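Visitor: I'd like to go through a few labels on this model and hear what backs each one up. Can you take me along?

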Amino acid sequence: MSSSAPRRNAIVVGAGPVGCLAALALAKRGWLVHVYEARPDLRLPSSKAVTQQRSINLAISHRGIAAIEAVNDGAAQRFLRNVIPMRGRMIHAADGHSDSQLYDRDQQCINSIDRALLNEELIQEAASSNIRIFFKHKVISADFDQRTLIIHSIDDNKDLTVNFDLCVGADGSYSIIRRQMMRVVRMNYQQEYIRDEYIELKMPAGLDSEGKRTFVLDPNHLHIWPRHSFMLIALPNKDKTFTCTLFAPSYELDRLDGSERILAWFNQYFPDAVKLIGEKKLLTDFAQNPRSPLICTKSAPYHYKDRAILLGDAAHTMVPFYGQGLNCGLEDVRILLTLFLDEEVESVKPPILGDGVDPRLARALKRYSESRHQDLIAICDLAMDNYIEMRHSVTTLTYLFKKIVDNILYTLTSRKPILLDSMVPLLSRVPYPPGEPKGWLPLYTMVTFRPDISYAMAKRKAVWQNNLLGTIGRVGMTLMVVTGVLLVWITWDLMEAYVVRLVNYLIM
């Protein structure tokens with residue numbers, strides 16, 4: 001195509017991490033990109049108080065890092081300067097003792113990072129890449145056939161009409177772009193609020209022998225207090241504090257309606273955490289911080305013709321118990337970018353066809369919807385399953401035994417680790433390498449440390465491995481029973497012969 005042809009413009013709705021990375025990916029391909037965000041600029045001091053009300057610290061792992069590196073080489077390493085690596089879970093039992101459970105035999109880590117800090121870094125990266133970002137601009141409606149959005153400027157109190165060639169909806173769980181797409185797309189949509197809610201608390205830094213701030217818990221672990229039907233977790237922050245999150249059924253939280261009941265309940269189930277947080281601060285945080293719902297959404301398809309695509313929470317909202325919400329959303333961008341490359345989607349406007357549709361762009365978006373859906377369903381389901389594991393299973397002998405067997409088989413069949421740096425060049429070009437992964441792989445390793453394995457593939461392989469373990473266990477139990485019966489039979493025969501000889505001896 002002629003280099004003088006006009007460049008296509010994309011509008012990204014939502015300036016969260018996924019929206020910013022999508023904007024960077026399109027700008028890298030040569031598109032003109034504008035980002036519209038209803039919230040104020042997170043980089044402004046006046047926005048800090050608002051962002052502190054909503055957290056659940058983010059855990060960025062290999063999928064998210066690979067996605068950032070695929071879009072903007074070197075950017076992920078700059079962001080990783082602000083993370084705290086976590087090597088495993090620290091399980092805090094009800095009797096006060098704790099136990100470390102490493103995530104990976106090769107010491108690979110997930111990384112705790114402040115949500116606002118990561119978002120600010122990505123906003124700054126986008127703003128430095130000739131991407132215009134309009135804060136306090138809220139989308140009111142969309143006409144995808146006419147390729148227009150009506151956007152309300154909050155400061156000016158005016159409605160603007162803006163044109164686009166491609167609209168990217170990265171505007172979260174309650175996406176206006178998704179709702180507008182439902183008017184023109186036969187979209188299947190499912191929304192579920194789970195029974196539990198969460199409240200965030202802050203564990204202050206301690207002081208060392210020299211009076212300097214220090215962590216009161218090991219900062220290189222994700223701390224979990226599992227209590228069967230609910231749990232408390234704690235993730236480290238750069239300022240030596242921990243962000244604690246209580247996940248509990250709504251009915252359980254409803255009972256905590258006064259200071260005495262709150263303290264009695266926390267002292268019953270989390271006495272060691274209460275000592276570290278402090279009773280006064282616990283009560284203050286519990287009263288001031290909101291009770292927030294946990295939502296799971298699933299939808300399909302994610303696109304409309306060659307005009308719109310949903311990414312991140314706008315397409316799929318999952319519960320946070322696998323730490324994959326952020327990583328999955330960032331991976332959405334990487335997958336879409338590889339499809340653009342494969343379909344040779346250009347940044348310049350193509351010749352106008354009879355129906356006004358660019359076939360290459362339409363194919364790329366259609367392939368995204370069709371190929372990505374099974375992965376998104378898989379990780380949403382895995383995230384819900386992992387809640388049961390975190391709040392209860394991690395304390396059971398069955399779980400600990402399976403983890404030991406997993407690691408033994410992993411060591412025997414997969415001797416050399418596949419490191420992230422070696423995967424990124426290929427993942428910049430293809431969604432996933434072809435073929436099935438070799439050897440025995442724990443599910444957590446596949447989901448967290450192997451971005452070259454799709455979520456759906458990880459789930460299928462884990463089911464197969466679990467079934468195999470179950471079969472081996474049943475065969476082993478059968479052999480034990482048969483062996484026991486044979487021993488009893490042989491022993492009885494021997495005893496019977498001995499008794500007969502003894503009786504004959506006595507008679508004689």
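Guide: Strands here are DSSP E runs of at least two residues, helices are H or I runs of at least four, and both are numbered from the N terminus. This is a predicted model, where local features need pLDDT of at least 70 and side-chain atom pairs count only at pLDDT 80 or more, while totals for chains, interfaces and linings use all residues. Residues are numbered from 1 along each chain as its sequence is written, and side-chain values use heavy atoms, with hydrogens and water left out.

Visitor: Why does Gln-107 count as partly exposed?

Guide: Its relative accessibility is 43%. Buried means under 20% relative accessible area and exposed over 50%, with partly exposed in between (1.4 Å probe, protein chains only), so Gln-107 counts as partly exposed.

Visitor: And what is the phi of Gln-107?

Guide: Near 65°, a positive value in a residue other than glycine.

Visitor: Why does Lys-136 count as partly exposed?

Guide: Lys-136 has 28% relative accessibility, so it goes in the partly exposed class. Its phi is positive too, about 55°, although Lys-136 is not a glycine. Look for Lys-136 in the loop between strand S8 (132-135) and strand S9 (137-143).

Visitor: What makes the peptide bond between Ala-300 and Pro-301 cis?

Guide: Omega is about 0° for the bond joining Ala-300 and Pro-301. Pro-301 lies in the loop between strand S19 (292-300) and strand S20 (303-304).
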